[in-house]
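Subject: Structure handover

Hello,

Here is the structure you asked to have passed on. My notes on it follow below the model.

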Amino acid sequence: MQWSRDSRLRMKILTIFFIVYVVLLSFVPLIHQVYVAQSSWLGYGTGAYAYQSPSYFVLFNDPYDGSSKPNIHVNPSMAPNERISILEFSDWTSYVDGYNLFNDFNVTIRTSSDGKTLDATYTRPQLTLHKLIELTSDAVQVKMIANKEVNVHVELWKWIMTSVNTITTTSKPTMIPITTSINFTFNDQSLNATGLGEITLSRTPTQIEIWPFENGFNRVTVDFINSEMTFTVSGSITQPGQVSWSYADLPYVLPVIAIVVVTSYLLLAKRHGQENKDHPSRSHR
Amino acid sequence: MDRRIKITLAALIVRLAIAPFFMHSGDLGTIYESSAIALNGGNLYSFVYQQTLQMRYASGLPLFFEGYAYHPLLIYFFVPFYWLYTAIAGPGLVIIGGHFPNLPVLVYPYAFLAIFMLKIPIILADVAVVYLLSGFDVKKAEFYAFCPYVIFISVVWGMFDAIVAIFLLITYLTLQKKSYALSGFAYGLSTMKLYTIVLLPLFIFRLWKQWKALGEFLLGFSVTLLPVAYYMIVSPVVFWNVLVGFQGSRVMGGVNLYNFVWIVPDVQFDLQISRLPTILLLISVLAIVLLYGRRLPLLESILSVMLVSFVFGAVLNEQFLVSILPLMLLCKRCDARIWIAPFIFIFLRSAFYYFAIPILWTSPYFYDLYFQADTVWKYAQTVGYLMIPIYAVGIAFSLLLLWNLIQVLTTVDAAGARTLSRIMRIRRK
């Protein structure tokens with residue numbers, strides 16, 4: 001095959017342009033993660049929201065899923081890309097005046113104009129409840145505000161807590177002394193990390209119950225009667241466990257993949273071009 | 001029996017045997033639900049628009065419900081078969097839900113029949129492609145007839161890009177024979193999936209100044225626009241939002257270099273950055289049409305526009321390649337083995353058992369196994385392991401498309417070189 005010089009140059013320019021384009025775009029996730037995604041609620045998927053602060057990653061699931069409402073993760077200081085879940089609020093198993101938060105309410109999710117507050121509004125006849133989520137430098141606040149005094153049952157999940165307020169084992173669900181501070185130690189099963197968590201309540205609850213699972217607990221339920229309650233959640237990792245790979249590492253890997261694939265392409269194209277030069281008949285099938 | 005008939009029959013039998021037992025729940029569910037709406041005289045786009053508004057209201061995000069967002073004519077290929085199905089099974093729903101992220105509820109035994117009937121137009125399109133290709137080269141027909149990728153897309157997945165493929169092939173063949181009205185009509189039908197719209201400037205450019213031919217072509221094309229005109233009059237806002245709004249502002253991604261966007265969880269940012277490929281698509285299509293539109297032979301010019309739109313376009317789904325595979329097979333300079341990349345991609349993006357839902361939902365044991373397997377799959381997805389090969393295959397496929405594009409574009413040089421050597425031979429004599 002004889003290519004004209006002009007055409008060869010044009011194809012070379014096209015190839016070089018495309019390869020540079022591929023490699024440059026591969027940095028977009030990294031640029032987004034470093035410069036755009038910090039400290040603001042961002043919506044994605046089918047309506048989920050996420051917030052990445054320097055030390056916490058908070059996920060609020062889409063309106064079609066009752067789990068992770070929100071799910072609070074901590075980024076260990078020794079491995080900032082790791083996201084270790086410390087506490088998950090579940091709408092599947094939480095109730096307001098006997099109505100299930102997931103099944104019995106209409107939900108709309110909005111962010112504040114500065115992107116710092118997420119407002120999930122739960123409505124049903126004569127009842128409106130706001131779940132406002134904000135992050136400070138050292139904690140995550142989940143504020144529940146209703147339009148009247150309500151009887152609330154909130155379930156907070158963690159697989160698994162090794163102790164709650166110094167209690168390490170119980171054989172059945174157990175009510176613990178009423179307090180506004182719940183401290184727990186945990187074992188993160190997926191990463192085998194251990195750490196500490198704290199939930200501070202702004203109002204005195206009517207009941208706190210812990211639920212045994214395997215060698216610890218997998219949830220704490222908090223009941224209260226009030227029109228307002230703030231859960232301030234904080235945590236830290238004492239031992240990071242098997243820190244090897246995290247989803248948040250992907251933006252660093254994509255440019256490498258892009259470079260490897262385009263280099264392989266260039267090598268193969270060069271070999272193919274050489275073969276065609278040596279055996280011109282091969283260029284036509 | 002004639003070999004041509006044998007291959008066509010074999011292609012038909014293979015497809016009929018597979019068809020009832022597999023499906024992509026979201027896509028086949030959309031066709032099922034849209035066929036029911038169309039048969040009952042409903043507005044196809046209202047349902048999708050309502051769902052979109054509901055999603056936006058709930059989430060506060062500029063999301064689109066992924067339902068029927070195609071040319072209105074498409075559904076009329078399926079409606080007769082859906083009607084036939086209801087004549088046998090009755091009007092009761094047998095595929096309920098199934099739009100992402102939900103899984104469908106299937107009512108047996110008629111779910112199998114519904115799935116089978118809705119795939120018949122796709123199978124017929126596939127078989128017609130095989131028949132036409134075998135008129136040129138039996139080997140190429142065999143390639144298409146038994147290509148695992150084509151079979152998967154058409155009868156395992158139940159995606160209808162084979163219908164686009166047959167109409168694009170007919171467009172090319174009729175244009176070659178200068179049957180312009182028929183060609184325009186076939187081309188209009190190929191736009192049932194809007195990505196073939198990029199060819200319109202090419203056809204106009206090639207027929208420019210051949211006013212009679214251009215007029216006939218546009219006349220044929222405009223016939224297929226009648227249902228579009230109907231919906232534009234009856235429900236302009238809904239139609240515009242669902243068809244143009246959705247297709248025009250989709251977040252980039254697919255089997256291409258842009259799927260990195262799937263790890264950027266920020267829909268506003270994703271929408272903004274998705275404008276870049278759209279701009280590049282417009283520029284590149286225009287450049288190809290103006291620079292090569294007339295210099296290349298018809299087949300190569302069609303392929304070059306489609307390939308460049310696949311290379312730079314924002315969205316390139318796994319099934320799109322089916323639409324141009326017959327033309328690639330006819331083109332000596334293309335390498336049709338390119339199908340391997342999107343075929344691999346399918347299994348990286350969706351778990352293989354997802355397509356077997358009609359079989360797995362028949363027994364509680366299999367149903368349970370599905371969720372056990374899905375836990376492992378979702379873990380691999382959540383942790384991000386699958387994203388690495390997904391991204392690599394996406395880039396590789398874009399590069400393979402580029403390679404094919406370059407081969408097609410250099411047809412000009414090959415043709416020039418052949419002419420030159422012919423002149424030299426004559427001179428020597």
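**Domains and overall dimensions**

In chain A, the centres of domain 1 and domain 2, taken over C-alpha atoms, are 49 Å apart. Domain 1 covers 5-28 + 254-277 and domain 2 covers 42-244; the bounds come from an automatic or database domain assignment.

The model is predicted: local features need pLDDT of at least 70, side-chain atom pairs count only at pLDDT 80 or more, and totals for chains, interfaces and linings use all residues. Residues are numbered from 1 along each chain as its sequence is written, while chains are lettered from A and ligands numbered from 1 in the order in which they are written.

Chain A has three helices and 15 strands, whereas chain B has 22 helices and four strands. Helices (H or I, at least four residues) and strands (E, at least two) are DSSP runs, numbered from the N terminus.

The C-alpha atoms of chain A fill a box of roughly 85 × 40 × 35 Å along the principal axes. For chain B the corresponding box is roughly 80 × 55 × 45 Å. The radius of gyration of chain A is 26 Å, but a compact globule of 285 residues would have one near 19 Å. Chain B, with 429 residues, has 22 Å, which agrees with the value near 22 Å for a compact globule. The radius is taken over C-alpha atoms, and the globule rule is 2.2 Å times the number of residues to the power 0.38.

**Contact between the chains**

Chain A contributes 45 residues to the contact and chain B 38; two residues are in contact if their C-beta atoms, placed from the backbone, lie within 7 Å. On the side of chain A, the elements giving two or more residues are α1 (5-25), α2 (28-36), β1 (42-44), β7 (106-111) and α3 (250-278). The largest share, 10 residues, comes from α3(A). By class, the side of chain A that touches chain B has 30 nonpolar, 12 polar and three charged residues. Here Ala, Val, Leu, Ile, Met, Phe, Trp, Tyr, Cys and Pro count as nonpolar, Asp, Glu, Lys and Arg as charged, and the others, Gly among them, as polar.

Axes are lines fitted to C-alpha atoms, for helices over the stretch in contact, and angles run from 0 to 180 degrees between N-to-C directions. Angles under 35 degrees count as roughly parallel, over 145 as roughly antiparallel, 65 to 115 as roughly perpendicular and the rest as oblique.

- Helices α1 (residues 3-18) and α5 (residues 110-134) of chain B pack at about 160°, with axes 9 Å apart, and are therefore roughly antiparallel. The residues of this contact of α1(B) with α5(B) are eight nonpolar, two polar and three charged.
- Helices α15 (residues 275-292) and α16 (residues 298-312) of chain B cross at roughly 160°, their axes coming within 9 Å; α15(B) and α16(B) are therefore roughly antiparallel. The contact of α15(B) with α16(B) has 10 nonpolar, four polar and no charged residues.
- Helices α2 (residues 25-39) and α4 (residues 75-89) of chain B pack at about 80°, with axes 9 Å apart, which makes α2(B) roughly perpendicular to α4(B). Among the residues making the contact are B:Ile31 and B:Leu39 of α2(B) and B:Phe78 and B:Trp83 of α4(B).

Regards
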